[in-house]
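Trainee: I would like to learn how to read the local features of a model like this one. Please start with the terms.

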Amino acid sequence: MAPSARDELTKLKNIGPKSAVRLREAGIESREQIANLGAVEVYRRLRQRYPASLTMLWALQGALLDLPYDQIPPEIKAALLDELARLER
């Protein structure tokens, strides 16, 4: 893997080296992939491989919005939880 591809994930807000490794192991290589799949689907893929709290879901959405995970507005969190519940039925 090219160094620039490896670094792209860690340049996103809320995504540290350990999360970047886990994302790559789940087949996620870029912000574009996260955006195309959506934070909820990426979170589901991570959770299939590793224990992941809802903080990871907020972190993924924050990476897309360029916001710290703890600043995700409550209405966005509620929408993410609704989507997650719908997909897991």
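Mentor: Helices are DSSP runs of H or I with at least four residues, strands are runs of E with at least two, and both are numbered from the N terminus. This is a predicted model, in which local features need pLDDT of at least 70, side-chain atom pairs count only at pLDDT 80 or more, and totals for chains, interfaces and linings use all residues. Residues are numbered from 1 along each chain as its sequence is written, and side-chain values use heavy atoms, with hydrogens and water left out.

Trainee: With those terms, where does D66 lie?

Mentor: D66 is in the loop between α5 (54–65) and α6 (74–87).

Trainee: How should I read its backbone, and what is the phi of D66?

Mentor: Most residues other than glycine have a negative phi. D66 is not a glycine, yet its phi is positive, at about 60 degrees. N14 is a further case, with a positive phi near 80 degrees in a residue other than glycine. N14 sits in the loop between α1 (3–10) and α2 (17–25).

Trainee: Next, salt bridges. How many does a search of the whole structure find?

Mentor: Side chains of opposite charge can pair when their charged atoms come close. The criterion is a side-chain nitrogen of Lys or Arg within 4 Å of a carboxyl oxygen of Asp or Glu. Searching the whole structure gives four salt bridges.

Trainee: Which residue does D66 meet in a salt bridge?

Mentor: The partner of D66 is K13, with an N to O distance of 4.0 Å. This pair links distant parts of the chain, 53 residues apart: D66 belongs to the loop between α5 and α6, and K13 to the loop between α1 and α2. K13 counts as partly exposed because its relative accessibility is 33%.

Trainee: Why do E88 and R47 count as partly exposed?

Mentor: E88 does so because its relative accessible area is 39%, and R47 because its value is 34%.

Trainee: What else is found in the segment after α6?

Mentor: R89 lies there. R89 counts as exposed because its relative accessibility is 78%. The C-alpha atoms of R89 and Y50 are separated by 20 Å, the two residues being 39 apart along the chain.

Trainee: Now helix packing. At what angle do the axes of α4 and α6 cross?

Mentor: Two packed helices are described by the angle between their axes and the distance between the axes. Axes are lines fitted to C-alpha atoms, for helices over the stretch in contact, and angles run from 0 to 180 degrees between N-to-C directions. The axes of α4 (residues 39–49) and α6 cross at roughly 55 degrees and come within 10 Å.

Trainee: Which residues make the contact between α4 and α6?

Mentor: V40, E41, Y43, R44 and R47 in α4 meet L80, E83, L84 and L87 in α6.

Trainee: And how do α5 and α6 cross?

Mentor: Their axes come within 11 Å and cross at roughly 120 degrees. The contact takes in L54, L57, W58, Q61 and L65 of α5 with I76, K77, L80, L81 and L84 of α6.

Technical notes:
Buried < 20%, exposed > 50% of the residue type's maximum accessible area, 1.4 Å probe, protein only. Contact = heavy atoms within 4.5 Å.
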